[in-house]
Amino acid sequence: QDAGNHTLLSEFILSGLSSRPELQHLLFFTICFIYSMTLIGNLLICMATAHPTLHTPMYFFLRVLSFLDISTASVVVPKMLVNTLSEDRSISYLGCVTQLYCVVFLASTEWYLLAAMAYDRYVAVCRPLRYPAVMSTRACLSMVLLSCCSGQVVSVVQTAWVFTLSFCGPRRINYFFCDIPPLVLLSCADTSRYERQLISATVLVIFTPFCLILLSYSCIISSILRISSAESRHKAFSTCSSHLTVVTLYCASGTLIYLQPKSSNAQEAKKVLALIYTTVIPTLNPLIYSLRNKEVKEVLIRGMAVLMKK
């Protein structure tokens with residue numbers, strides 16, 4: 001029975017952010033605005049950091065981060081917008097597999113990239129004389145490639161595990177996209193083994209990079225405190241606080257979502273956290289990381305001036 005239902009299942013139904021009809025249009029325009037800001041902000045960062053004057057490891061990593069943010073939002077938001085105004089909220093079985101794979105891949109890759117960015121800042125602040133040799137173009141490309149490969153492994157394993165479960169109950173997913181916790185709730189099989197595996201994966205993907213980031217910034221802050229110039233200390237602390245703000249938001253939301261995958265009581269709260277994780281944070285990243293940066297702002301202003309003259 002279970003195996004048959006699992007085999008014949010051809011689609012799922014996404015419940016969306018809210019089932020209240022009077023909120024659908026407000027949700028549509030709010031999410032549409034946030035998504036537009038995500039695309040505009042991150043595309044501006046991609047273009048600005050491609051400028052010859054900004055060809056440094058830090059801006060290279062920021063460009064990759066912006067690309068990942070655009071991709072994450074684009075995997076989730078367009079389908080969510082369509083479902084908000086449509087009575088048909090179905091997603092095919094293959095579409096659900098693809099969406100889950102992409103979300104896990106992009107999120108995992110971003111975590112490892114954030115760890116690489118923290119290491120870049122550590123070398124820049126604590127080992128400035130060795131910085132050009134340590135953070136060479138080849139080293140930066142290797143870090144990004146390693147982040148992508150690690151994300152790929154995590155995504156393949158997690159997606160394969162989830163979709164080997166038997167879905168013999170209702171096909172309605174109480175979520176706005178295909179994610180691990182709501183899919184685990186639909187399974188009629190014993191998922192205790194998978195839940196333990198997911199906790200291990202969460203530690204590997206979130207806590208391991210988080211600990212490396214904290215270690216890097218502990219060394220950075222220790223070095224900053226030895227700087228005699230108050231202005232230099234303030235600039236260094238500003239850079240650190242920006243990175244740590246993003247990391248804290250990611251860690252808090254990701255941990256609360258994935259450490260208790262079968263907690264049905266917290267499902268509505270998880271929707272909000274997932275919305276922050278996939279939609280709000282990609283909008284904030286350009287503001288936190290780059291648009292406050294004097295060099296990036298100067299490149300953007302010069303670029304806009306050139307466009308206006310044309």
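How much space lies in the largest cavity? About 190 Å³ lies there, and the structure holds three cavities of 30 Å³ or more. This is a predicted model, in which local features need pLDDT of at least 70, side-chain atom pairs count only at pLDDT 80 or more, and totals for chains, interfaces and linings use all residues. Residues are numbered from 1 along each chain as its sequence is written, and side-chain values use heavy atoms, with hydrogens and water left out.

**Cavities**
- A cavity is a set of points, on a 1 Å grid over the protein atoms alone, where a 1.4 Å probe fits but cannot get out; lining residues have an atom within 4 Å of a point.
- Volume is the space filled by probe spheres set on the points, with grid points joined across faces, edges and corners.

**Largest cavity**
- Its lining comprises 15 residues, with Val-104, Ser-108, Val-154, Val-205 and Tyr-258 nearest the centre.
- α4 (93-126), α6 and α8 (192-224) each supply at least two lining residues; helices are DSSP runs (H or I, at least four residues) and strands likewise (E, at least two), numbered from the N terminus.
- The lining has 12 nonpolar, three polar and no charged residues; Ala, Val, Leu, Ile, Met, Phe, Trp, Tyr, Cys and Pro count as nonpolar, Asp, Glu, Lys and Arg as charged, and the others, Gly among them, as polar.

**Second largest cavity**
- The second largest cavity has a volume of about 60 Å³, and its lining includes Gly-16, Met-80 and Arg-89.
- α3 gives the most to this lining, with three residues.
- Four nonpolar, five polar and one charged residues make up the lining.

How values were computed: 1 Å grid on protein atoms, 1.4 Å probe; cavity = no way out; pocket = protein on both sides within 12 Å on 5 of 7 lines; lining within 4 Å.
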